[in-house]
Amino acid sequence: MQNQNKNKILDEEIKLNEELEEELEIKEENDFNKSELKIEQDESTDKNKEDDLSDRTKEDSNKGKNDDINEKIEYVKIQLLKIESQAKQALKYLESVHGLPGKTEFSQYEEKKADLAETKETEGQKIIEGVFNGEEMVGADGKRYSISSNYASKSKLVEGDVLKLIIDSDGTFVYKQIGPIERKRVFCALIQNKENNQYYAMEDGDRWKILKASVTYFKGEVGDEIIILIPKEHKSQWAAVENIVKKA
């Protein structure tokens, strides 16, 4: 009976030892797994740190590039503003110079260009619209078309007037005034540049070129009082002669 009890106790001890060993093995395995997990986490953390550092480096680099580009853009902008300011000052200077207009024929032409019809060809005729520049017509196609000075004088064309030119199949030019610019009258003195024989109308330091044909038509002489027509809203280089009052 005692032997049986001893054997039973011995069996229980063996079983207990086996359970303890099994628990130890599981614990060791868990500890090992935890250790491996920790190593992996540490490696992952280090990699994330490296990635974060790399990203920050790239961000800093991009920021540096963007700052550099922004500085260059700002520099160019400042230079352009300086050029714009200098151009405005130059234009103001031109306006103040004796006899020079504030707005040129080009600017007046550009203002009216959008309203000009495109060149048309019909029944052997070519129809072109343009702007009178004081001597010629500047067409919507950018070309210049000659105008008889006698016609310009008799029609009292003013710089900025919109014209229509019909070119017949035989080459004949026929002009029609289709958009007269708003005018104003100015009383001036008739003068002449002896070097180039150019006639001018002068008033209070301003002067305008006059077609010789206009002076001839009215039998004008230097010193006569001359009534001219000029654009109401624009300065111009040329003026149309409306009439001449002979000096006493």
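1. The lining of the largest cavity splits into eight nonpolar residues, three polar and one charged. Here Ala, Val, Leu, Ile, Met, Phe, Trp, Tyr, Cys and Pro count as nonpolar, Asp, Glu, Lys and Arg as charged, and the others, Gly among them, as polar. Among the lining residues are Phe 132, Gly 134, Lys 156, Trp 238 and Val 241. A cavity is a set of points on a 1 Å grid over the protein atoms alone where a 1.4 Å probe fits but cannot get out, and lining residues have an atom within 4 Å of a point.

2. Ground rules. This is a predicted model, in which local features need pLDDT of at least 70, side-chain atom pairs count only at pLDDT 80 or more, and totals for chains, interfaces and linings use all residues. Residues are numbered from 1 along each chain as its sequence is written, and side-chain values use heavy atoms, with hydrogens and water left out.

3. Confidence. The chain has a mean pLDDT of 77, with 60% of residues at 70 or more; pLDDT is the predictor's confidence in each residue, from 0 to 100. Residues 97-107 fall below 50, yet this stretch has 22 contacts in the model beyond near neighbours in sequence. Contact means heavy atoms within 4.5 Å. Where pLDDT is low, the predicted coordinates should not be read in detail.

4. Cavity size. Two cavities of 30 Å³ or more are present. Helix 3 (149-155) and strand 11 (240-245) each give at least two residues to its lining. Helices (H or I, at least four residues) and strands (E, at least two) are DSSP runs, numbered from the N terminus.

5. Ser 153. This lining residue sits in helix 3. Ser 153 is buried, at 5% relative accessible area. Buried means under 20%, exposed over 50%, partly exposed in between (1.4 Å probe, protein chains only). Beyond four places in sequence, Ser 153 contacts Leu 211, Ala 213 and Ser 214.

6. Cores. The largest nonpolar core has 14 residues, and Cys 188, Ile 210, Ile 226 and Ile 228 have the most contacts inside it. Such a core joins buried Ala, Val, Leu, Ile, Met, Phe, Trp, Tyr and Cys residues through side-chain atoms within 4.5 Å. A second, separate core of 13 residues includes Phe 132 and Ala 152.

7. Glu 233. The loop between strand 10 and strand 11 holds Glu 233, which is exposed at 61% relative accessible area.

Conventions: On a 1 Å grid over the protein atoms alone, a cavity is a set of points where a 1.4 Å probe fits but cannot get out, and a pocket is an open set with protein on both sides within 12 Å along at least five of seven lines; lining residues have an atom within 4 Å of a point. Grid points are joined across faces, edges and corners, and a volume is the space filled by probe spheres set on the points.
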